[in-house]
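This briefing is intended for a reader who is new to the structure shown below. It begins with the fold and then turns to the sheet, the surroundings of the ligand and a few individual residues.

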Amino acid sequence: MTTTAPENFARPLVRQARREDLLAIYRIEQASFDQPWPFTAFESYVGEPGFLVAADSTVVGYVVADVIPTHARDLGHIKDLAVHESRRGEGIGAMLLVNALSVLNSTNVDSVKLEVRESNDAAIQLYRKYGFEHRWRNPEYYSDGEDALVLVREF
Ligand SMILES: CC(C)(COP(=O)(O)OP(=O)(O)OC[C@H]1O[C@@H](n2cnc3c(N)ncnc32)[C@H](O)[C@@H]1OP(=O)(O)O)[C@@H](O)C(=O)NCCC(=O)NCCS
């Protein structure tokens, strides 16, 4: 697949999400997932270093990453990632993921985990490309009964 941006689009930049981005983020979330996060969930992450958007004239994608404290080393968590349907295949998802990993790498974490639907080939390919490996399966993790694959990337 190509990651070259169509010529009529500026290359989006990745920056921290702001309150005024939330409506655009929420619309992408609703269009991307059968069980979208509620608006208030995004609101609660504004100001967090791992809540990033890719934006040119408008928001075209976002990622939410945070740190789960554990009794041993803290664990990074990619909690949500989506790109506007019309802008997929341009390298934006990869850009968001790389930036989120960089934020997590600057904290006290050794590894990062995420859950992905076992049928979500595009996302699984993306995560594999950036070093995530399948570690275990959470049966019926999603409310429609689909299993989640748990992928982990070590730093
Ligand atoms: C998954 C998603 C974020 C990928 O974003 P994207 O901007 O289209 O991805 P990129 O263009 O950065 O692609 C990077 C890599 O991901 C993989 N990839 C992306 N789309 C793919 C597809 N349709 N089929 C197979 N692999 C794909 C490829 O390895 C690609 O690298 P390549 O271009 O060198 O082949 C996007 O498809 C999306 O928003 N999906 C709906 C929401 C979702 O499922 N989020 C993940 C939840 S866990």
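The chain has four helices and seven strands, where helices (H or I, at least four residues) and strands (E, at least two) are DSSP runs, numbered from the N terminus. Beginning at the N terminus, these elements follow one another as β-α-α-β-β-β-α-β-α-β-β. The model is a predicted one, in which local features need pLDDT of at least 70 and side-chain atom pairs count only at pLDDT 80 or more, whereas totals for chains, interfaces and linings use all residues. Residue numbers start from 1 along each chain as its sequence is written.

**Overall shape**

- The radius of gyration of the chain is 15 Å, which agrees with the value near 15 Å for a compact globule of 155 residues. This radius is taken over C-alpha atoms, and the globule rule is 2.2 Å times the number of residues to the power 0.38.
- The C-alpha trace extends about 45 × 30 × 30 Å along its principal axes.
- Of the 155 residues in the chain, 30% are buried. A residue is buried if 20 or more other C-beta atoms lie within 10 Å of its own, exposed if 12 or fewer, and partly exposed in between, with C-beta atoms placed from the backbone.
- Among contacts between residues at least 6 apart in sequence, 60% link residues at least 24 apart. Two residues are in contact if their C-beta atoms, placed from the backbone, lie within 7 Å.

**The sheet**

- Seven strands form an open sheet with mixed pairing, in the order β1-β2-β3-β4-β5-β7-β6. Two strands pair if DSSP finds at least two bridges between them.
- β1 (13-16) and β6 (133-138) each have a single partner strand and stand at the edges, so one side of each has no neighbour in the sheet.
- Neighbouring strands are turned by 25° against each other on average, direction ignored. Axes are lines fitted to C-alpha atoms, for helices over the stretch in contact, and angles run from 0 to 180 degrees between N-to-C directions.
- Helix α3 (residues 92-105) packs on the sheet and touches β1, β2 (51-55), β3 (59-68), β4 and β5. The direction of α3 makes about 25° with that of β3.

**Strand pairs**

- Strands of a sheet pair through backbone hydrogen bonds, either parallel or antiparallel.
- β1 and β2 run antiparallel and are joined by four bridges; the bridge partner of Leu13 in β2 is Ala55.
- β2 and β3 also run antiparallel, with five bridges, and Val53 stands opposite Tyr62 in β3.
- Three residues lie between β2 and β3, which form a hairpin.
- β4 (residues 74-83) and β5 (residues 109-117) pair in the parallel sense over four bridges. Gly76 has Val112 in β5 opposite.
- Five bridges join β6 to β7, and these strands run antiparallel; Trp136 stands opposite Val150 in β7.
- β2 is mostly covered, with four of its five residues buried.
- In β6 the number of buried residues is zero out of six, so this strand lies largely in the open.

**Surroundings of the ligand**

- There are 21 residues around the ligand, and Arg88, Gly93, Ala94, Gln125 and Leu126 come nearest. A residue is near a molecule or strand if its C-beta atom, placed from the backbone, lies within 6 Å of it.
- β4, α3 and α4 (121-129) are the elements that give two or more residues to the shell around the ligand.
- α4 contributes the most to this shell, with six residues.
- By class, the shell has ten nonpolar, seven polar and four charged residues. Ala, Val, Leu, Ile, Met, Phe, Trp, Tyr, Cys and Pro count as nonpolar, Asp, Glu, Lys and Arg as charged, and the others, Gly among them, as polar.

**Individual residues**

- Glu140 is found in the loop between β6 and β7 (148-154). Glu140 counts as exposed, having 10 C-beta neighbours inside 10 Å.
- Most residues other than glycine have a negative phi. Glu140, although not a glycine, has a positive phi of about 50°.
- Asn108 lies in the loop between α3 and β5 and is exposed, with 10 other C-beta atoms within 10 Å.
- Not counting residues up to four places away in sequence, Asn108 touches Arg73 and Asp74.
- Asn108 and Tyr130 are 22 residues apart in sequence and, C-alpha to C-alpha, 20 Å apart in space.
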